[in-house]
Number of protein chains: 2
Amino acid sequence: MDRRRCLEADLADPLAAARTHFALPEGLIYLDGNSLGALQPVVAARLRDVVEHEWGAGLIRSWNDAGWVELPRRIAGRLAPLLGADRTELAVTDSTSANLFKALAAARRLRPDRHVLLTDDANFPTDVYVAQGLATLTGDLEVRVVHTDEVASHLDAEVAVLTLTHVDYRTGRLHDPVDLTAAAHAVGAVTVWDLSHSTGALDVDLHRWDADLAVGCTYKYLNGGPGSPAYLYVAQRWHEEISTPVQGWFGHAQPFAFSLGYQPAPGAERFHDGTPPVLSMAALESALEVWEGIDRAQLAAKAAELTDRFIALVDERCDDTVEVVTPRDPTRRGAQVSLRHAHADALTQALIARGVIGDHRPPDLVRFGFAPLYVRHVDVCDAVEQLREVLATRAWDRPEHHARRTVT
Amino acid sequence: MDRRRCLEADLADPLAAARTHFALPEGLIYLDGNSLGALQPVVAARLRDVVEHEWGAGLIRSWNDAGWVELPRRIAGRLAPLLGADRTELAVTDSTSANLFKALAAARRLRPDRHVLLTDDANFPTDVYVAQGLATLTGDLEVRVVHTDEVASHLDAEVAVLTLTHVDYRTGRLHDPVDLTAAAHAVGAVTVWDLSHSTGALDVDLHRWDADLAVGCTYKYLNGGPGSPAYLYVAQRWHEEISTPVQGWFGHAQPFAFSLGYQPAPGAERFHDGTPPVLSMAALESALEVWEGIDRAQLAAKAAELTDRFIALVDERCDDTVEVVTPRDPTRRGAQVSLRHAHADALTQALIARGVIGDHRPPDLVRFGFAPLYVRHVDVCDAVEQLREVLATRAWDRPEHHARRTVT
């Protein structure tokens with residue numbers, strides 16, 4: 001009965017057609033699109049063309065003739081509607097870590113007389129490392145890492161920058177970006193949001209949030225491919241004043257004048273630095289075609305439905321060795337549900353062995369991501385059935401599921 | 001007669017077999033491998049496999065199962081012999097600009113009591129921008145840009161870091177890395193070399209040079225593909241003391257422990273930061289296979305022969321509207337010859353229209369690069385014949401060769 005209701009929900013899904021663009025392996029239930037998005041055959045075809053014709057035959061001429069030099073700008077144009085941003089507010093470049101470094105340094109320079117960078121202990125660890133690395137480099141910044149529930153109460157006139165990840169990568173819990181941005185602005189701080197777990201799954205609306213800066217990756221819900229280039233957002237109101245610490249030629253107003261004097265490019269494009277990775281950029285550009293005409297509110301609605309259904313079915317079918325740690329209020333969570341289990345790593349492996357792919361986050365979480373573009377209601381139903389069986393039979397308790405892996 | 005001698009030289013070339021690995025378009029004489037290296041079909045095949053099987057079918061599992069997580073380290077192992085370095089001294093990550101930023105910041109912190117960063121006015125402009133950006137960020141560094149002939153005389157006890165590009169991107173002139181490194185060390189300064197125009201074309205030997213840090217790109221003579229990942233070298237003797245300003249999770253000793261405390265990875269790998277761009281990394285790894293067993297001295301010898309021959313033929317055949325600006329002593333130049341011409345841009349375009357691809361550097365240079373792996377002596381001969389004709393007939397003086405281009 002549950003399964004039939006799921007199939008009916010899929011028939012009624014306004015986003016159902018998007019799944020046809022993806023090449024998901026037969027029989028696999030892929031609930032790890034929050035870690036690495038799936039491949040679209042059009043991306044593979046585009047990359048073949050870029051490699052064999054544009055690089056192989058066109059060689060250096062393709063910077064002009066195939067428009068390689070415009071790739072970051074074209075991608076920014078495709079990303080902008082997914083972020084509630086304008087194209088000129090986006091740089092597409094580097095990794096999320098490198099962009100966060102640049103964004104924090106830039107934000108900090110907008111408030112030169114303040115010396116605190118505030119973040120929380122639920123942030124993605126690399127974001128904290130990056131902040132601490134910047135503080136060590138400049139020597140005039142204190143990184144305050146506070147409990148995730150107490151961010152607002154630590155905002156005061158000492159805070160130069162508030163940086164947070166919108167979706168907690170472990171629990172899936174959301175910070176409220178509107179309230180926290182307003183609270184930061186009320187004390188004169190500048191905000192830097194990490195949207196890696198948000199964009200392409202939720203109704204990210206940077207203009208409505210009144211955001212200052214933001215960064216995010218494109219290899220999760222945006223399906224750009226493993227390690228695809230990241231983005232950096234700077235609100236228009238900062239374009240005159242903002243500066244990047246990594247002044248590279250592709251962020252110069254005239255890179256091919258080869259002048260020794262640095263002149264930043266207009267808008268967010270000054271945050272470009274080195275030569276863009278064309279192969280990865282081309283894959284990303286192609287991967288973003290599928291978003292044309294897709295409404296952010298539809299994404300958020302489907303993410304809420306899928307995660308609601310997953311939680312309800314876990315409650316109904318699974319034994320009490322698992323606990324839902326993700327907020328049950330759908331407006332308080334991302335497109336993800338995390339379960340606590342005493343042997344979370346082995347449980348994850350046992351599910352993968354049965355074709356249900358989630359991932360493990362230490363010490364005791366199994367994460368399931370519900371990419372609204374290609375996860376179906378029936379996948380949710382089937383995944384929970386596999387989970388029920390694995391738990392009921394203790395199938396996770398086999399030696400092969402306890403093997404150590406480099407990446408979890 | 002010249003052409004027959006060229007064909008004979010190609011038959012005697014110990015590197016001749018390497019060209020068979022490349023897919024150069026029929027009829028094209030490609031003398032821009034110093035800007036973008038050529039494609040090898042094996043790279044295209046590898047990338048298809050990575051995209052369609054490893055990403056498409058393997059999805060997140062490929063981080064372990066396909067060894068994606070080890071890509072930067074495996075590439076470092078292939079690069080090391082080309083640089084006279086050990087694998088553990090190399091990070092493979094980011095762009096050259098971003099790596100230079102990290103290297104300069106790290107080098108500067110090895111000499112905290114000094115406040116001058118010395119470079120020259122023949123450096124690649126982005127290297128100067130990057131240095132200036134770092135100085136603005138930290139506020140305690142002065143960037144001194146001196147005439148390229150006067151570097152040694154500006155080394156004194158104020159200098160924390162000397163940073164230079166080994167090969168002048170315009171003239172092809174070489175700095176002497178052994179003498180300048182020794183001179184820098186004599187005053188207590190740390191060196192950062194940019195090897196973008198060197199590695200894969202010359203006998204780069206970082207151990208012999210006694211180099212401290214170095215960076216370089218892989219998309220020129222290393223043929224990694226447009227915008228392929230760059231590398232960063234740190235000499236073993238600095239491994240205990242060195243730190244990176246961009247502390248990202250892939251440079252952490254245990255990225256997948258997700259600990260909030262930063263612990264650098266051993267050796268140069270701490271300079272990794274964000275998630276590596278797997279598609280670009282896989283292409284690069286594959287592109288480096290061809291170097292197995294190739295001797296750096298052979299590369300340098302062939303580069304000297306090709307450039308010698310080019311200069312001799314230009315002297316012999318071309319009118320005096322062009323002037324060779326590259327040093328005539330082959331030990332003083334890279335694998336490149338630059339000619340000065342009053343209409344260098346149009347001359348470059350006219351040559352490209354005839355299938356001889358070089359590039360233009362403002363204001364008045366035409367550059368020709370001689371990648372020792374795939375440029376033949378007969379290409380040199382044929383290229384100069386085209387050049388002679390274009391000059392003799394003033395074929396550059398047509399409207400279509402004066403069109404403005406974004407990338408030169």
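Reader: What does A:G84 touch, leaving aside its neighbours within four places in sequence?

Author: A:G84 is in contact with A:V204, A:D205, A:L206, A:H207 and A:R208. Two residues are in contact if their C-beta atoms, placed from the backbone, lie within 7 Å. The model is predicted: local features need pLDDT of at least 70 and side-chain atom pairs count only at pLDDT 80 or more, while totals for chains, interfaces and linings use all residues. Residues are numbered from 1 along each chain as its sequence is written, and chains are lettered from A and ligands numbered from 1 in the order in which they are written.

Reader: Why is A:G84 called partly exposed?

Author: A residue is buried if 20 or more other C-beta atoms lie within 10 Å of its own, exposed if 12 or fewer, and partly exposed in between. A:G84 has 17 other C-beta atoms within 10 Å, so it is partly exposed. The residue sits in the loop between α4 (71-83) and β2 (90-92) of chain A. Those labels follow DSSP runs numbered from the N terminus, with helices (H or I) of at least four residues and strands (E) of at least two.

Reader: What makes A:H343 partly exposed?

Author: Its count is 18 C-beta neighbours inside 10 Å, so A:H343 falls in the partly exposed class. A:H343 is in the loop between β10 (336-340) and α11 (344-353) of chain A.

Reader: What makes a set of residues a nonpolar core?

Author: The set must consist of buried Ala, Val, Leu, Ile, Met, Phe, Trp, Tyr and Cys residues joined through C-beta atoms within 7 Å. The largest such core here has 259 residues, and A:L104, A:Y233, B:L104 and B:Y233 have the most contacts inside it. Not counting residues up to four places away in sequence, the neighbours of A:Y233 include A:L83, A:L90, A:L206 and A:L213.

**Two helices**

Reader: Why are α1(A) and α12(A) called roughly antiparallel?

Author: The axes of α1 (residues 2-11) and α12 (residues 377-392) of chain A cross at roughly 155° and come within 7 Å. Axes are lines fitted to C-alpha atoms, for helices over the stretch in contact, and angles run from 0 to 180 degrees between N-to-C directions. Angles under 35 degrees count as roughly parallel, over 145 as roughly antiparallel, 65 to 115 as roughly perpendicular and the rest as oblique. The two helices are therefore roughly antiparallel to each other.

Reader: Which residues of α1(A) and α12(A) meet?

Author: A:D2, A:R3, A:C6, A:L7, A:A9 and A:D10 in α1(A) meet A:H377, A:V378, A:V380 and A:C381 in α12(A). This contact divides into six nonpolar, one polar and three charged residues. Ala, Val, Leu, Ile, Met, Phe, Trp, Tyr, Cys and Pro count as nonpolar, Asp, Glu, Lys and Arg as charged, and the others, Gly among them, as polar.

**The two chains**

Reader: How do you know how chain A and chain B are related?

Author: Chain A superposes on chain B by a rotation of 180° with 0.0 Å of shift along the axis, at an RMSD of 0.0 Å. The two copies are thus related as by a two-fold rotation axis. In chain A, A:T138 comes closest to the axis, at 2.5 Å (C-alpha).

Key:
Least-squares fit on C-alpha atoms with pLDDT ≥ 70 in both.
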